[in-house]
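Student: Hi! Could we go through this structure together?
Tutor: Happy to. Here it is.

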Amino acid sequence: TLLRGNRSVAIVIDNSSSMQAANEKGGYFQQALSLSRNISKAYNKQDDQLIMPLSNPKLNYNFSSQEEAMAELGRLEIKQNTRSHLDLLSLSTSIFDRATYGLQELYFISDFQKSTIMALEESVPQTDSNLLSKYIPLSTRTQKNAYIQNHRIASSIIEKNKPVDLNLTLVNDGDQEIRGLSIRVMLEGKVAAISNTNLEAQGQKELDISFTPPEAGWLSGYIEIDDTPIDFDNKRYFSLYVPEAEKVLYLEGQSIPNLKILY
């Protein structure tokens, strides 16, 4: 149906890593591009448009014709780091700052993956009352997904050839329990520790894993889990410094020879 009237239309496409997933209709990102074309063509030639990726919203841009807006589709690509849904809402006024018409419509096409763009949904800012927002979800079935939410080195003293405690939090945002989830700690390209665990549906779990640094100096590594089909968030990187020798400070009121011998 042709939507008549003078409108300024902005179409925002989620181009975060989770859009590489697919359902029975094909890849989410390709679906999003196709839907954008259909939405754009549904409007009157007199209406002005903007098409943009979520990773780089067009702020304070002049709206353009349908043909010029659709030319942007060929330049869109998946990005590892992108903005959140809250960012989009807070920037919506700036997106329409140079809109030609008072009737303004914002389309947001996304898989609404919790571990990416919906991760910070604690409070939702109010949008302009003149703005009509339309959300188009691409996922037609629940995708199970586990990811590493955070991690920290728990050991206060780190030494070569002595165990280091690593604490991490795993999250399962799917509706089914995940059993036998494999976790690996890689250090300098080699397996440093292996573990496995179960995750309840819509649950999270803290896990402690120990590994032993084989050498001193700055070491890089990552934590990796085996989780499909959404695998972009299966790794979390870290680094740690292993000193050549520990420095010890001791204080005394007067010289004690035996204490000096001890240290």
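Student: Which residues form one aromatic cluster?
Tutor: Phe-108, Phe-112 and Tyr-135 do. Before we go on, this is a predicted model, where local features need pLDDT of at least 70, side-chain atom pairs count only at pLDDT 80 or more, and totals for chains, interfaces and linings use all residues. Residues are numbered from 1 along each chain as its sequence is written, and side-chain values use heavy atoms, with hydrogens and water left out.

Student: How many aromatic pairs does the structure hold?
Tutor: Eight. Rings of Phe, Tyr and Trp (its six-membered ring) pair if their centres lie within 6.5 Å; planes under 30 degrees apart count as stacked, over 60 as edge-to-face and the rest as tilted. One of the pairs is Phe-108 with Phe-112, which is edge-to-face, at 5.5 Å centre to centre and 80 degrees between the planes.

Student: And why is the pair of Phe-112 and Tyr-135 stacked?
Tutor: Because their planes are at 10 degrees, with the ring centres 5.8 Å apart. This pair links distant parts of the chain: Phe-112 is in the loop between β5 (103-110) and β6 (131-137), while Tyr-135 is in strand β6, 23 residues apart. Strands here are DSSP runs (E, at least two residues), numbered from the N terminus.

Student: Is Phe-108 buried or exposed?
Tutor: Phe-108 counts as buried, at 0% relative accessibility. Buried means under 20% relative accessible area, exposed over 50%, and partly exposed in between (1.4 Å probe, protein chains only). Phe-112 is partly exposed at 22%, and Tyr-135 is partly exposed at 36%.

Student: New topic: where is Glu-206?
Tutor: Glu-206 belongs to strand β11 (residues 203-211). With 59% relative accessibility, Glu-206 counts as exposed.

Student: What is Glu-206 in contact with?
Tutor: Leaving aside neighbours within four places in sequence, Glu-206 touches Asn-167, Leu-168 and Thr-169; contact means heavy atoms within 4.5 Å.

Student: What's the order of the open sheet of four strands?
Tutor: The order is β10-β9-β12-β13, with antiparallel pairing. Two strands pair if DSSP finds at least two bridges between them. The edge strands, each pairing on one side only, are β10 (190-199) and β13 (235-242).

Student: How many bridges join β9 to β10?
Tutor: Eight, with β9 covering residues 178-187. Leu-187 has Lys-190 as its bridge partner in β10.
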